[in-house]
Amino acid sequence: CSRFIIQRKREDEEWNTIGTMTGAGTRHTVTDYHYFDAAPAGFHRYRLLQQDGDGTITAGPALDVFAGIIPEHSALHQNHPNPFNPSTVITYHLAKNGAVKLSVFDIEGKEVRILTNTYQPAGSYAIRFSASGLPSGMYVYRLLVNGMTFSKKMLFIQ
């Protein structure tokens with residue numbers, strides 16, 4: 001990858017490029033990148049475009065983030081809507097910066113999706129989860145951050 005293009009938009013807007021970062025090229029080791037955005041308060045959608053050396057651009061998945069006051073406590077909230085079909089939104093708050101992992105498990109405890117597994121700055125986040133390809137039923141979503149674990153149940157009905 002020769003560079004990354006960071007884009008942001010609000011619900012009714014087009015994607016706007018807010019920054020770029022030079023890529024480390026093709027490597028077989030993990031490279032961490034960090035970008036901080038002083039966005040106005042409210043929900044924003046972000047995406048990362050990867051530009052290869054030949055000019056090819058690939059868009060990554062979009063991430064919904066709430067910009068606002070840093071919360072006092074980390075928390076995981078109930079998804080909405082619940083029950084859902086086929087997608088729902090999971091929101092959580094981080095009181096401190098840290099490594100975050102948000103996963104979905106079936107009722108037998110098997111991890112079926114990893115929604116995020118990255119470093120995130122303190123703040124509020126919203127991630128859309130699509131259960132497409134999964135059977136109807138009860139699922140558990142779990143947030144691991146800064147040595148704490150939070151879990152909630154959700155119901156997928158087709």
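1. Buried means under 20% relative accessible area. Tyr125 has a relative accessible area of 7%, so Tyr125 is buried. The same cut-off is used in the points below. The model discussed here is predicted.

2. The sheet. Four strands make an open sheet in the order S9-S8-S11-S12, and their pairing is antiparallel. S9 and S12 are the edge strands; each has a single partner strand, so one side of each has no neighbour in the sheet. From one strand to the next, the twist averages 15°.

3. How S8 and S11 are joined. Strand S8 covers residues 98-106 and strand S11 covers residues 137-145; the two run antiparallel and are joined by seven bridges. Two of the residue pairings can be followed by eye. Leu102 has Leu143 in S11 as its bridge partner, and Asp106 has Tyr139 in S11 as its bridge partner.

4. How S11 and S12 are joined. S11 is also joined to strand S12, residues 148-156, by nine bridges, and these strands run antiparallel. Within this pairing, Tyr141 stands opposite Lys152 in S12. S11 and S12 form a hairpin, with two residues between them.

5. The turn of the hairpin. Asn146 is found in the loop between S11 and S12. Asn146 is not a glycine, yet its phi is positive, at about 50°. Is Asn146 buried or exposed, or partly exposed? Asn146 has a relative accessible area of 39%, which makes this residue partly exposed.

6. The nonpolar core. The largest nonpolar core has 24 residues, and those with the most contacts inside it are Leu76, Tyr92, Leu102, Phe129, Leu143 and Met154. At least two residues of this core come from each of strand S5 (63-67), strand S7 (87-94), S8, strand S10 (123-130), S11 and S12. Which strand supplies the largest share of this core? The largest share comes from S11, with four residues. As general background, nonpolar side chains in soluble globular proteins tend to be buried together.

7. Leu102 as an example. Leaving out residues up to four places away in sequence, Leu102 touches Leu76, Ile90, Tyr92, Ile114, Leu115, Thr116, Ile127, Tyr141, Arg142 and Leu143. Among these, Leu143 in S11 is also the bridge partner of Leu102. Leu76, Tyr92 and Leu143 are listed, as is Leu102, among the residues with the most contacts inside the core.

8. The salt bridge. How many salt bridges does a search of the whole structure find? The search finds one. This salt bridge is between the side chains of Glu111 and Lys101, at 3.4 Å from N to O. Glu111 lies in strand S9 (residues 111-120) and Lys101 in strand S8, so the pair ties together parts that are ten residues apart in sequence. Glu111 is partly exposed, with a relative accessible area of 31%, and Lys101 is partly exposed at 22%. In general, side chains of opposite charge can pair when their charged atoms come close.

9. Aromatic pairs: Phe84 and Phe129. The count comes to three aromatic pairs. One of them, Phe84 with Phe129, is edge-to-face, with 6.0 Å centre to centre and 65° between the planes. This pair links distant parts of the chain, 45 residues apart: Phe84 is in the loop between strand S6 (75-76) and S7, and Phe129 is in strand S10. Phe84 is buried, with a relative accessible area of 2%, and Phe129 is buried at 1%. Phe84, Phe129 and Phe156 form one aromatic cluster.

10. Aromatic pairs: Tyr92 and Tyr125. The ring centres of Tyr92 and Tyr125 are 5.4 Å apart and the planes are at 20°, so this pair is stacked. Tyr92 lies in strand S7 and Tyr125 in strand S10, so the pair ties together parts that are 33 residues apart in sequence. Tyr92 counts as buried at 0% relative accessibility, and Tyr125 is buried at 7%.

11. Cis peptide bonds. Where is Pro81 found? Pro81 is in the loop between S6 and S7. The peptide bond from His80 to Pro81 is cis, with omega near -5°. Pro83 is also found in the loop between S6 and S7. Asn82 and Pro83 are joined by a cis peptide bond with omega about 0°. Phe84, described in point 9, is in the loop between S6 and S7 as well.

Notes: Residues are numbered from 1 along each chain as its sequence is written. This is a predicted model: local features need pLDDT of at least 70, side-chain atom pairs count only at pLDDT 80 or more; totals for chains, interfaces and linings use all residues. Side-chain values use heavy atoms; hydrogens and water are left out. Two strands pair if DSSP finds at least two bridges between them. A nonpolar core is a set of buried Ala, Val, Leu, Ile, Met, Phe, Trp, Tyr and Cys residues joined through side-chain atoms within 4.5 Å. Buried means under 20% relative accessible area, exposed over 50%, partly exposed in between (1.4 Å probe, protein chains only). Contact means heavy atoms within 4.5 Å. A salt bridge is a side-chain nitrogen of Lys or Arg within 4 Å of a carboxyl oxygen of Asp or Glu. Rings of Phe, Tyr and Trp (its six-membered ring) pair if their centres lie within 6.5 Å; planes under 30 degrees apart count as stacked, over 60 as edge-to-face and the rest as tilted. Axes are lines fitted to C-alpha atoms, for helices over the stretch in contact, and angles run from 0 to 180 degrees between N-to-C directions.
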